[in-house]
Amino acid sequence: MTVLSSTRGEDGQGTASAETRHMDTSAEQINEIFHGSKLRRQYVKSHVVQVSRAQGKVIIHTVLKFKSCFTNSAAKFGNKIKTILQQKLKGETGSLCIDPSSFKFSDIAMPAAENLLNTCCGQRTITPSGNKVAGGLDAEEGEWPWQASLQWNSVHRCGATLISNSWLITAAHCFIKDNDPREWNASFGLLLSDPQTQRSIKDIIIHENYHYPAHDNDIAVVHLSSPVLYTSNIRRACLPEATYTFPPNSDVVVTGWGTLKSDGEFLTSLHYTGDSGGPLVGANSKGIWFLAGIVSWGDECALPNKPGVYTRVTYYRDWIKSKTGL
């Protein structure tokens with residue numbers, strides 16, 4: 001069962017940092033409350049999805065996820081949740097003065113709830129099982145949830161990275177011969193033969209200064225025909241700001257359905273090996289994954305002293321924002 005709650009609290013600060021603090025504090029408080037309550041076995045997780053302001057008050061919108069409870073009706077179970085929150089959030093709570101009477105609850109459908117619970121970028125449900133790139137390792141469902149497949153006339157052509165629910169980023173050279181969006185679609189999920197979700201393409205925007213066969217400015221963004229719903233297995237990677245730095249000797253991972261050897265056949269399931277346009281990602285100290293590069297070109301496949309070349313995302317950060325608004 002998933003419940004959306006809305007709470008109000010008095011607060012005199014109006015800065016973005018204050019709103020971030022409210023989100024962090026609220027999430028910590030809700031976790032502590034339910035982990036220490038009679039519903040701790042039913043409680044799964046919560047996520048603060050929005051902090052807004054109205055008439056001098058802060059409004060905090062939170063999604064709460066619980067396991068199904070067959071011994072109670074949804075209404076009775078919702079009342080238990082409300083009672084626990086009202087009892088625990090009385091009066092002064094840190095810098096917020098909570099007004100329990102302002103709580104509003106509503107049930108929401110599971111797909112919409114999952115979408116809200118998985119909006120954060122760069123997070124995944126499972127950790128990798130190895131670090132081999134050339135030759136490839138099978139990935140697990142949800143291990144690299146931002147990976148997408150770009151397909152021309154339903155045939156896999158390039159990898160791509162989900163950077164919002166409506167935008168992908170990939171390499172410009174993927175569209176050298178065919179750039180009509182009506183002939184392309186994107187699929188998401190571990191298996192090319194059995195995708196979890198598919199979308200047609202509304203628009204393909206290639207960097208204005210990309211000129212084949214040169215490799216400069218090998219970047220493009222792809223606008224989906226309609227937004228995808230986030231799930232535990234379909235999430236976006238974080239876009240680094242232009243000033244973001246990946247420390248020297250950082251561990252990074254490249255994923256895709258690329259061939260395991262030069263001139264080989266495409267794979268049918270996602271591997272830790274690259275194909276054109278696919279993501280090169282690295283995690284920060286908190287385990288949040290940022291998009292470092294886009295697979296661009298190389299001299300055949302994993303030859304000694306022949307490293308792969310990637311488009312540097314931070315260098316093109318302003319261009320990405322100008323095209324997508326992200």
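These questions and answers walk through a predicted model.

Student: How many residues does helix H2 have, and what span from first C-alpha to last is expected for it?
Tutor: Helix H2 covers residues 74-88, which makes 15 residues. From its first C-alpha to its last, H2 reaches 21 Å. That is close to the span expected at 1.5 Å a residue, which is 21 Å.

Student: Within what arc do the buried residues of H2 fall?
Tutor: The buried residues of H2 are Phe77, Gly78, Ile81, Ile84 and Leu85. Look down the axis of H2: these residues line one face of the helix, because they fall within an arc of 125°.

Student: Are the rings of Phe34 and Tyr43 stacked or edge-to-face?
Tutor: A search of the whole structure finds ten aromatic pairs. In the pair of Phe34 and Tyr43, the ring centres are 5.2 Å apart and the planes lie at 15°. Planes under 30 degrees apart count as stacked. The pair is therefore stacked.

Student: Is Phe34 buried or exposed?
Tutor: Phe34 has a relative accessible area of 0%. The cut-off for buried is under 20%. So Phe34 is buried.

Student: What kind of aromatic pair do Tyr43 and Phe66 form?
Tutor: Tyr43 is buried, at 5% relative accessibility. Its ring and that of Phe66 are 5.6 Å apart, centre to centre, with 65° between the planes. An angle over 60 degrees counts as edge-to-face. The pair of Tyr43 and Phe66 is edge-to-face.

Student: How many residues apart are Tyr43 and Phe66?
Tutor: Tyr43 is in strand E2, residues 43-54. Phe66 is in strand E3, residues 57-66. The pair links distant parts of the chain, 23 residues apart.

Student: Which residues form one aromatic cluster with Tyr43?
Tutor: Phe77 belongs to this cluster, and it is also one of the buried residues of H2.

Student: Over the ring of which residue does the charged end of Arg124 sit?
Tutor: The charged end of Arg124 is 4.3 Å from the centre of a ring. That ring belongs to Trp144.

Student: Which residues does Thr314 touch?
Tutor: Thr314 lies in the loop between strand E16 (309-312) and helix H4 (317-324). At 11% relative accessibility, Thr314 is buried. Leaving out residues up to four places away in sequence, Thr314 touches Pro240, Glu241, Ala242 and Tyr244.

Terms used:
Residues numbered from 1 in each chain as written. Predicted model: local features only at pLDDT ≥ 70, side-chain atom pairs only at ≥ 80, totals over all residues. Heavy atoms only, no water. Helix = DSSP H or I, 4+ residues; strand = E, 2+ residues; numbered from the N terminus. Buried < 20%, exposed > 50% of the residue type's maximum accessible area, 1.4 Å probe, protein only. Contact = heavy atoms within 4.5 Å. Expected span 1.5 Å × (residues − 1). Arc of directions from axis to C-beta. Phe/Tyr/Trp six-rings, centres within 6.5 Å; stacked < 30°, edge-to-face > 60°. Lys NZ or Arg CZ within 6 Å of the ring centre and 35° of its normal.
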